[in-house]
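Subject: Structure for you to look at

Hello,

Here is the structure I said I would send. Please open it first, then read my notes below beside it.

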Amino acid sequence: MAPLLEIRAARRDFATPEGGKICALDGVDLDVDANEFVTLLGPSGCGKTTLLRAISGFEMLDSGTIRLGGTDLTGLPPFRRPVNTVFQSYALFGHMTVARNVGYALEVAGVAKAQREAEVAETLEKVGLGGMGARKPGQLSGGQRQRVALARAIIAKPRLLLLDEPLSALDRNLRQQMQIELKSLQHRLGIAFIFVTHDQEEALTMSDRIVVMRAGGIQQIGTPRDIYRHPRNRFVAEFIGETNLFSVTVDRVEGGTALTRTAEGVQVLLPADGRKTGERLTAILRPADFTIAAQGILGTVARAVYLGPDLHLSVTPDCGGPDISVIVRDGLGVGEGTRLHLAHDPARVHVLEGG
Amino acid sequence: MALRRQSVILGALLAPVTLFLGVFFVLPLLIIAVFSFLTPGLYGGVEWAFYHWNYGRIFGWADGIIELYEPIYLRILLRSLTFAALTVIVTLILCYPVAFWVSRLPDRWRLAFLFLITLPFFSSLIVRLYAWLLILKPTGLFNSVLLKLGLIGQPLEILYTPTAVVLGMVYVMIPFMFLPLYASVDNLDRAQVEASLDLGANRVQTFVKVVVPQTLPGILGGAVIVFIPSVGNFIVPDVLGGAKGLMVGNLVEQQFLSSRNWPFGSALSMIIMAVVLTVLLIAVARARKGSGNA
């Protein structure tokens, strides 16, 4: 089956005030399947919002095509695209009631009042705002406004819903709750979601697939587990979660394990996988991949941050090099100044070719 | 204790303006209100005896002996309202698109434009109106250009017509319409416009359902600020109007200066004020309803 959304070679340049040119989209290819939750993730200025706006029709592409369900959207104005958006600022109509906000898409499409009211009530119920229809947006809390924006965008049953950092204004608890609700809502509605965020935790929590973007290009597309465990390059590794990167050279291979060392002498063990002595690699280890053991990398705890269930340590290796970030479950008796050995399972190491 | 001191300071700060407005605004207004029910003196001034014919002359209960009912007064009042309404409509139509254009200019050009809009205030209104007189007269700039271009065979009679008065008032009132309108257009939430388009509303629907309601405070503000001085305006009709362009403001001026019938002039003034207040109350009520509690 053909994907719902097909983006091919999408390109968009912006002129800078200094007369230069910024490439916001640098030949982006992306497919999104029906009923898929895809997140565009990247730092600000990476082109994720431009890509979203190109799909909704607020940015025109310099070249490339966007097809939805086989129909070419390129060149269509926003109001002719079967796509709806939840805006970052919510963009609720302040002069209308919640009910009229939610029913807006039906109102402008000429749906009869009785049917409109029934659908508005049903949609408000769906987002947990039943009975709030008569209020004005100004009388709602941030979380409630968020739900109105969501209800307004889904009422016309778009085939694709675009969400532009919709949770960024909410506090942490509410954000986590909304992440779960959004995901389950997406399942129930059977609509594909494209969700833009710069918050990697949010992306990992909700997505079927994550698209990591940087400087107008796609760095990697994959499931959250893929992206986290097998980043394709240093940028992805460093952007998604906390990472320890070691530029290492293979010392020797012993049985199934390759012993490698950084320039400073920090020793990292990897699966042998036919590595040769002298080969240069980048080894990636997540903080939770380390354990405190009787032997391994010797170092001193420079900083210990108590996180409740976990203890987050910065360990300065004795032989030098950057501090190693470590999360341990049972950090009893470990504090700043503690001397310890860090060990890791070679199988947990993700390897990038080249130093 | 702290609250008490705060209110003392507040009172001290408000006292000068209260005193000023009390002496120079409320008191004269009361005098006008009282005068409008007094008997006109033979050689100007007033006699302290109750007299309702001032209003009777205007609204039609004059007895035909002491005072005559002249329907012309109501007609002139109606004309003033029409001219003022026309001025509001024309300035609104002229300023609305310009406000959008200016709000999208780069900062530097926007400031320059806002300065240009206020530029007319740097010269005398009378001088500027006489310039219009020179432009509109049969041998003036406007007619000579049209004649040269062959668009008309003989000069158009614009000067001393209602058209000239509305034209003049539009000219005078443009900054008053533009500034509040610009403020609200500049505050327009672009995201809401995008949301409307995104939800399937075309550009016309978006304009009617989102842009106009969002900028309604500016529209109403501009309309009120233009309408009120336009109703009572007497300078523009004086210079450009002639007999057919006479407005109620001229009437008041005449009663106080040439006819020296102060009570009648006062009655006319009170009517202007009543009309203006009504318009203002409607506008405020409308604005309240429009903005809701948001």
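B:Val252 is buried, because its relative accessible area is 13%, and buried means under 20%. Bear in mind from the start that this is a predicted model. B:Val252 sits in helix H11 of chain B, which covers residues 248-257. Leaving aside neighbours within four places in sequence, B:Val252 is in contact with B:Gly265, B:Leu268, B:Ser269 and B:Ile272. B:Ser266 is 14 residues away from B:Val252 along the chain, and the C-alpha atoms of these two are separated by 7.5 Å.

A second residue of chain B to look at is B:Gln192, in helix H8 of that chain (residues 190-198). Is B:Gln192 buried or exposed? B:Gln192 is buried, with a relative accessible area of 7%.

Where the two chains meet

That brings us to the contact between the chains, which takes 27 residues from chain A and 25 residues from chain B. Chain A and chain B bury about 2,100 Å² between them, and carbon and sulfur atoms carry 57% of this area. In chain A, the residues that lose the most area to chain B are A:Phe79, A:His95 and A:Val108, together 31% of what that side buries.

There are 10 residue pairs in polar contact between chain A and chain B, counting pairs with both residues at pLDDT 80 or more. Which elements of chain A give two or more residues to the side that touches chain B? They are helix H1 (48-56), strand S6 (83-86), helix H3 (104-108) and helix H5 (142-154). H3 of chain A gives the most, with four residues. Sorted by class, this side of chain A has 14 nonpolar, eight polar and five charged residues.

The count of salt bridges between the two chains is two. One of the salt bridges in the model joins the side chains of A:Glu107 and B:Lys209, at 2.5 Å from N to O. There is also a network of salt bridges that links A:Arg12, A:Arg53, A:Glu59, A:Asp62 and B:Glu194.

Two domains in chain A

The domain assignment divides chain A into domain 1 (5-239) and domain 2 (244-353). Their C-alpha centres lie 39 Å apart. How many residues of domain 1 of chain A are in contact with domain 2 of chain A? The answer is 10, and they meet nine residues of domain 2. The area buried between these domains is about 870 Å², with 48% from carbon and sulfur atoms. On the domain 1 side, A:Tyr228, A:Arg229 and A:Arg234 lose the most area to domain 2, together 62% of what that side buries.

The domains of chain A have one salt bridge between them. The side chains of A:Arg229 and A:Asp289 form a salt bridge at 3.0 Å, N to O. On the side of domain 1 that touches domain 2, helix H8 (224-229) and helix H9 (234-239) of chain A are the elements that give two or more residues. By class, that side has four nonpolar, two polar and four charged residues.

Salt bridges within chain A

Over all chains, the count comes to 30 salt bridges. In one of them, A:Lys48 pairs with A:Glu165, and the closest N and O atoms are 3.8 Å apart. This pair links distant parts of the chain, 117 residues apart: A:Lys48 is in helix H1, while A:Glu165 is in the loop between strand S7 (160-164) and helix H6 (172-189). Both A:Lys48 and A:Glu165 are buried.

A:Glu119 and A:Lys157 also form a salt bridge, at 3.9 Å from N to O. They are 38 residues apart, with A:Glu119 in helix H4 (residues 113-126) and A:Lys157 in the loop between H5 and S7 of chain A. A:Glu119 counts as buried at 17% relative accessibility, whereas A:Lys157 counts as exposed at 58%.

The last pair is A:Arg275 and A:Glu279, whose side chains meet in a salt bridge at 3.4 Å, N to O. A:Arg275 is buried, with a relative accessible area of 15%. A:Glu279, at 25%, counts as partly exposed.

Regards

Methods
Residues are numbered from 1 along each chain as its sequence is written. Chains are lettered from A and ligands numbered from 1 in the order in which they are written. This is a predicted model: local features need pLDDT of at least 70, side-chain atom pairs count only at pLDDT 80 or more; totals for chains, interfaces and linings use all residues. Side-chain values use heavy atoms; hydrogens and water are left out. Domain bounds come from an automatic or database domain assignment. Contact means heavy atoms within 4.5 Å. Buried area is the accessible area (1.4 Å probe) that two parts lose on being put together, summed over both. A salt bridge is a side-chain nitrogen of Lys or Arg within 4 Å of a carboxyl oxygen of Asp or Glu. Ala, Val, Leu, Ile, Met, Phe, Trp, Tyr, Cys and Pro count as nonpolar, Asp, Glu, Lys and Arg as charged, and the others, Gly among them, as polar. A polar contact is a pair of N or O atoms within 3.5 Å; within protein, one must be able to donate a hydrogen and the other to accept it, and residues adjacent in sequence count only if both atoms are side-chain atoms. Buried means under 20% relative accessible area, exposed over 50%, partly exposed in between (1.4 Å probe, protein chains only).
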